[in-house]
Amino acid sequence: MTNREKLAAAAKLTAWGYLLIRIDLNLGTLDILPGWLGYLLILKALPAFGEEEPSAKLLRPLGIVLALWEGAGWLAALFGVTVDSYLLTVLAGVVELYFHFQLLTDLSRIAGKYACPQEGKLLTLRTVYTVAATLSLLALPWEDWLAVGVAVMLTGVVTALWICKTLFSFRRSLAEGAAGAKKTG
């Protein structure tokens with residue numbers, strides 16, 4: 001398997017991971033598309049990204065923390081337990097912000113190295129996602145600013161879906177480049 005093929009497989013895992021993290025499909029109180037599984041998929045992809053961008057390897061401990069955090073929340077919902085800690089939620093939010101910011105930065109750099117057209121889009125989506133996620137973490141009187149809160153939420157959802165679409169497109173660019181390299185090689 002070529003490096004480009006490994007990266008394409010890792011991009012596919014990451015795209016599915018983002019879908020699991022960002023899409024909530026609940027059966028009662030239980031999310032049947034658990035975010036912890038999404039983080040496990042991304043963790044599985046990190047070694048391939050780390051071969052191209054060493055900083056991607058540094059995301060592993062944070063990915064484990066986020067998978068555990070999501071898993072704890074999922075288990076709590078499964079057993080009907082409510083965990084309501086603003087401090088823990090904000091800390092997890094900060095870790096999540098950094099994780100996704102750095103991951104999307106690394107993926108953009110990899111896209112640039114392989115001349116994939118998604119390089120700039122990944123950076124733009126990273127920035128929009130970071131701003132929307134940061135705003136959603138702030139302890140603002142959202143009930144007084146309902147329209148702003150809804151706009152921030154919708155921006156986050158649309159950006160997350162657009163990230164997924166871009167990651168699947170990135171995978172396709174890498175795979176097509178690998179197929180082209182085999183034909184000429």
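This report walks through a predicted model of one protein chain, from its overall build down to a single residue.

## How it's put together

The protein chain has 7 helices and 2 strands.

## Overall size

Along its principal axes, the chain's C-alpha atoms fill a box of roughly 60 × 35 × 30 Å.

As for how the chain meets itself, take the contacts with a separation of 6 or more: 75% of them link residues 24 or more positions apart.

Of the 185 residues, 38% are buried. The chain exposes about 10,100 Å², and 69% of that comes from carbon and sulfur atoms.

Then there's charge. The chain carries 16 positive and 14 negative side chains, and the centres of these two sets sit 13 Å apart.

## A closer look at His100

Now for one residue. His100 belongs to helix H5, which covers residues 86–113. Is His100 buried or exposed? His100 counts as buried because its relative accessible area is 0%, and the cut-off for buried is under 20%.

Which residues does His100 touch, leaving aside its neighbours within four places in sequence? The contacts are Tyr18, Ile21, Arg22, Tyr39 and Tyr129. Tyr18 is 82 residues away from His100 in sequence, yet their C-alpha atoms are 9.8 Å apart in space.

Notes. Residues numbered from 1 in each chain as written. Predicted model: local features only at pLDDT ≥ 70, side-chain atom pairs only at ≥ 80, totals over all residues. Heavy atoms only, no water. Helix = DSSP H or I, 4+ residues; strand = E, 2+ residues; numbered from the N terminus. Buried < 20%, exposed > 50% of the residue type's maximum accessible area, 1.4 Å probe, protein only. Contact = heavy atoms within 4.5 Å. Areas by Shrake-Rupley, 256 points an atom, 1.4 Å probe, with all protein chains shown as cover. Lys, Arg positive; Asp, Glu negative; His and termini not counted. Charge placed at Lys NZ, Arg CZ, Asp CG, Glu CD.
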